[in-house]
Amino acid sequence: VLPNVSFSCMGDLHRFDEQLEVLAYCAVHELVNNAVKHSRAHNIAVQLLYEAQMLSCVVSDDGCGFVSEDGTGNGLNNIRERIHVVGGEFSLQSVPGQGTEIYFTLPI
């Protein structure tokens, strides 16, 4: 059974650098895909906020959460590194049995 996925977008929608758009798309795609495949969530939420100088994104789920030795798998580490390379921020909070929330920003 697929989880319910909701999407919300706030702020002044506008296009920005193609490379950053692709990075944002790929990051959200990977995060939602991970939640669908691994979290056993009933609900996944994607929230985008366009601000004057940055794009903020939160992807959260009500799934099983996780704990791993290094805190993430290769896919999450790749996203984190790509976001940091362009000057963005990445944070992850996950509690076993309580879900996962991943937040990232990209400078526009």
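## Contacts of Cys 57

Cys 57 is in contact (heavy atoms within 4.5 Å) with Val 28, Val 46, Gln 47, Leu 48, Ile 102, Tyr 103 and Phe 104, leaving aside its neighbours within four places in sequence. This is a predicted model, in which local features need pLDDT of at least 70 and side-chain atom pairs count only at pLDDT 80 or more, while totals for chains, interfaces and linings use all residues. Residues are numbered from 1 along each chain as its sequence is written, and side-chain values use heavy atoms, with hydrogens and water left out.

## The nonpolar core

Which residues have the most contacts inside the largest nonpolar core? They are Leu 31, Cys 57, Val 59, Ile 79, Ile 83, Phe 90 and Phe 104, in a core of 24 residues. A nonpolar core here is a set of buried Ala, Val, Leu, Ile, Met, Phe, Trp, Tyr and Cys residues joined through side-chain atoms within 4.5 Å. Buried means under 20% relative accessible area, exposed over 50%, and partly exposed in between (1.4 Å probe, protein chains only).

Elements giving two or more residues to this core are α1, β2, β3 (54–61), α2 (74–85) and β5 (99–107). Helix α1 gives the most, with 8 residues. Helices (H or I, at least four residues) and strands (E, at least two) are DSSP runs, numbered from the N terminus. In soluble globular proteins, nonpolar side chains tend to be buried together.

## Helix α1

The 22 residues of α1 should span 32 Å at 1.5 Å a residue; the end C-alpha atoms are 31 Å apart, which agrees. The expected span is 1.5 Å times one less than the number of residues. Buried in α1 are Leu 20, Leu 23, Ala 24, Ala 27, Val 28, Leu 31, Val 32, Asn 34, Ala 35 and Ser 39. These residues cover an arc of only 155 degrees around the axis, which puts them on the same side of α1. The arc is that of the directions from the helix axis to the C-beta atoms. On the other side, Glu 18, Gln 19, Tyr 25 and Lys 37 are exposed. The buried residues of α1 pack against β2, β3, α2 and β5.

Asn 34 sits in α1. Is Asn 34 buried or exposed? At 18% relative accessibility, Asn 34 counts as buried. Asn 34 touches Ser 39 and Leu 76, not counting residues up to four places away in sequence. The C-alpha atoms of Asn 34 and Ile 83 are separated by 17 Å, and these residues are 49 residues apart along the chain.

## Helix α2

The 12 residues of α2 should span 16 Å at 1.5 Å a residue, and the end C-alpha atoms are 16 Å apart, which agrees. Its buried residues are Leu 76, Ile 79 and Ile 83. They cover an arc of only 60 degrees around the axis, which puts them on the same side of α2. Asn 74 and Val 85, on the other side, are exposed. The cover over the buried residues of α2 includes α1, β4 and β5. Gly 87 follows α2 and has a positive phi, near 90 degrees.

Strand β4 (residues 89–95) pairs with β5 in the antiparallel sense over 7 bridges. Two strands pair if DSSP finds at least two bridges between them. Ser 91 has Tyr 103 in β5 as its bridge partner. The hairpin has 3 residues between the strands, and Gly 97 takes a positive phi near 80 degrees.

Leu 92 is placed in β4. Leu 92 is partly exposed, with a relative accessible area of 24%. Leu 92 and Ala 27 are 65 residues apart in sequence and 13 Å apart in space, C-alpha to C-alpha.

## The aromatic pair

How many aromatic pairs does a search of the whole structure find? The search finds 1. The ring centres of Phe 16 and Tyr 50 are 6.2 Å apart and the planes are at 65 degrees, so the pair is edge-to-face. Rings of Phe, Tyr and Trp (its six-membered ring) pair if their centres lie within 6.5 Å; planes under 30 degrees apart count as stacked, over 60 as edge-to-face and the rest as tilted.

Phe 16 lies in the loop between β1 (4–11) and α1 (18–39), and Tyr 50 in strand β2 (residues 43–50), so the pair ties together parts that are 34 residues apart in sequence. Both Phe 16 and Tyr 50 are buried.
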